[in-house]
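I opened this notebook to keep track of what I looked up in one structure. The entries follow the order in which I checked things.

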Amino acid sequence: MANPSFSSLHAVADRQAESADAAASTTPAAEGFAPRPDINRVLDVPAEVTDQVRRVFPVQWPRYYLDLAEQQGPDSAVARMGRPRLTELVQDQGDIADPIADRRQRPVPFVVQKHADRVIILATKKCHFYCRFCFRREEPVARAMELSRADWRCIFDFLRANPDIKEPILSGGDPLTLTDEHLAWVRSELETIPSVTHWRIHSRAPVHYPARVTTGLTAALQGRLPLRLVCHFNHRDEQTPQSLAAVARLQAAGVQVENQAVLLQGVNDSLAAQQALWQGLAAAGVKPRYLHHPDRVAGNAPFRVSIEQGRRLYTAMTQTLDPEQNPRYVIDLPDGTGKIPVAAMERQADGTYRYQHPDGRLSVYQDWC
Ligand code: SF4
């Protein structure tokens, strides 16, 4: 990782400030969210740091999650994931402008397609809480506009015209920032497309803002199509009575709840942290899905781990966790070929990693940690 240089700090902030503020101004109503002075006090961050950083990527904390950070202290995993830092404004040698080539694979606006049978729909730019490591952290500042009904109708037309697509995946941002009415409308429209057999939502709401999982929400999600909700617990400390109750409410409504986590430096990069995370989820009936190697977007350099560090940790996880509890450790490659198992990458003499896809394509990855 490059030594931080602050030379570009003001230029980056000025370039993105206008659109970032526009995005921040569209965040949900203040109820349930902490005022900024409380955020600064609990995280022990100077107000001027928060003010600079939020111009690049919004700073917002649900009261529930800030209380958790306060209970666990300013050096806890919860606090680290959301503490604004000036390093977010610094360019790093390892940054990649489009870290998983999402922007190059959009057949229609707001849709990412890397596989024939499923697509990601970027349903919103908003989140309840803005994780400082987020690989889509450039999206809210680059485009503050939300989808109109006309945008959604274009997406539904695209799905109708492409019957190989069986599974639309609502992602974002956090799709559960949409209203119950909007989600019910999206679900009912998807139900009219004969080729769609199931749908999926990626959301961190049960983790940050469990009060969002209301009976109104679960009613909006229930219908003809089976739903999987992939939540995003990164640490055992996030598994509280409130967040696990939110998971249980979803499960009681017939939703299959799974988890994907990101491997983060200083947050969950130890065997003990990973064991506690996945064992706790298993006890709650949450299926392990992915442990993601962190994507290298501008602003998240302090959270990155090296491929070798991740491989050593995952080997230890495989040796100690029940196979039913162990997620798949994957990296989403910058060349747009999708997720691959990190263990299958071959290290070369020049320090790069190669992966031969089953269809014969070759990917080369350069690590920067
Ligand atoms: S909730 Fe998801 S999309 Fe939103 S900031 Fe966190 S990781 Fe990114």
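**Entry 1: a helix pair**

I began with a crossing: that of α2 and α4 is left-handed. I use left-handed where the near helix is turned anticlockwise from the far one by less than a right angle, and right-handed where it is turned clockwise. Helices (H or I, at least four residues) and strands (E, at least two) are DSSP runs, numbered from the N terminus.

I noted that the model is predicted, so local features need pLDDT of at least 70 and side-chain atom pairs count only at pLDDT 80 or more, while totals for chains, interfaces and linings use all residues. Residue numbers start from 1 along each chain as its sequence is written.

How far apart are the axes of α2 and α4? Helix α2 (residues 36–43) and helix α4 (residues 63–72) have axes 9 Å apart and pack at an angle of about 25°. That makes α2 roughly parallel to α4. Axes are lines fitted to C-alpha atoms, for helices over the stretch in contact, and angles run from 0 to 180 degrees between N-to-C directions. Angles under 35 degrees count as roughly parallel, over 145 as roughly antiparallel, 65 to 115 as roughly perpendicular and the rest as oblique.

I then listed the contact (C-beta atoms, placed from the backbone, within 7 Å). From α2 come Asp38, Ile39, Val42 and Leu43, which meet Leu66, Ala69 and Glu70 of α4. These residues divide into five nonpolar, no polar and two charged. Here Ala, Val, Leu, Ile, Met, Phe, Trp, Tyr, Cys and Pro count as nonpolar, Asp, Glu, Lys and Arg as charged, and the others, Gly among them, as polar.

**Entry 2: the whole chain**

I counted 13 helices and twelve strands in the protein chain. Of its 369 residues, 40% are buried. A residue is buried if 20 or more other C-beta atoms, placed from the backbone, lie within 10 Å of its own, exposed if 12 or fewer, and partly exposed in between. Among contacts between residues at least 6 apart in sequence, 80% join residues at least 24 apart.

**Entry 3: the ligand**

Which residues are around the ligand? I found Cys127, Tyr130, Cys131, Cys134, Arg136, Gly172, Gly173, Asp174 and Arg204. The shell divides into four nonpolar, two polar and three charged residues.

**Entry 4: backbone exceptions**

Most residues other than glycine have a negative phi, and most peptide bonds are trans. I looked for exceptions. Gly172 and Gly173 are joined by a cis peptide bond, with omega about 15°. Gly173 sits in the loop between β3 (167–171) and α8 (180–191).

Ala101 has a positive phi of about 55°, and its place is in the loop between α5 (77–82) and β1 (111–115). Phe110 is also found in the loop between α5 and β1, and its phi is near 75°. Are these residues buried or partly exposed? Ala101 counts as partly exposed because it has 18 C-beta neighbours inside 10 Å. Phe110 is buried, with 21 other C-beta atoms within 10 Å.

Arg328 is in strand β8 (residues 328–332). Its C-alpha atom is separated by 4.8 Å from that of Tyr290, 38 residues away along the chain. Tyr365 is in strand β12 (residues 362–365). Leaving aside neighbours within four places in sequence, Tyr365 is in contact with Leu333, Met345, Thr352 and Tyr353.

Terms used:
A residue is near a molecule or strand if its C-beta atom, placed from the backbone, lies within 6 Å of it. Two residues are in contact if their C-beta atoms, placed from the backbone, lie within 7 Å.
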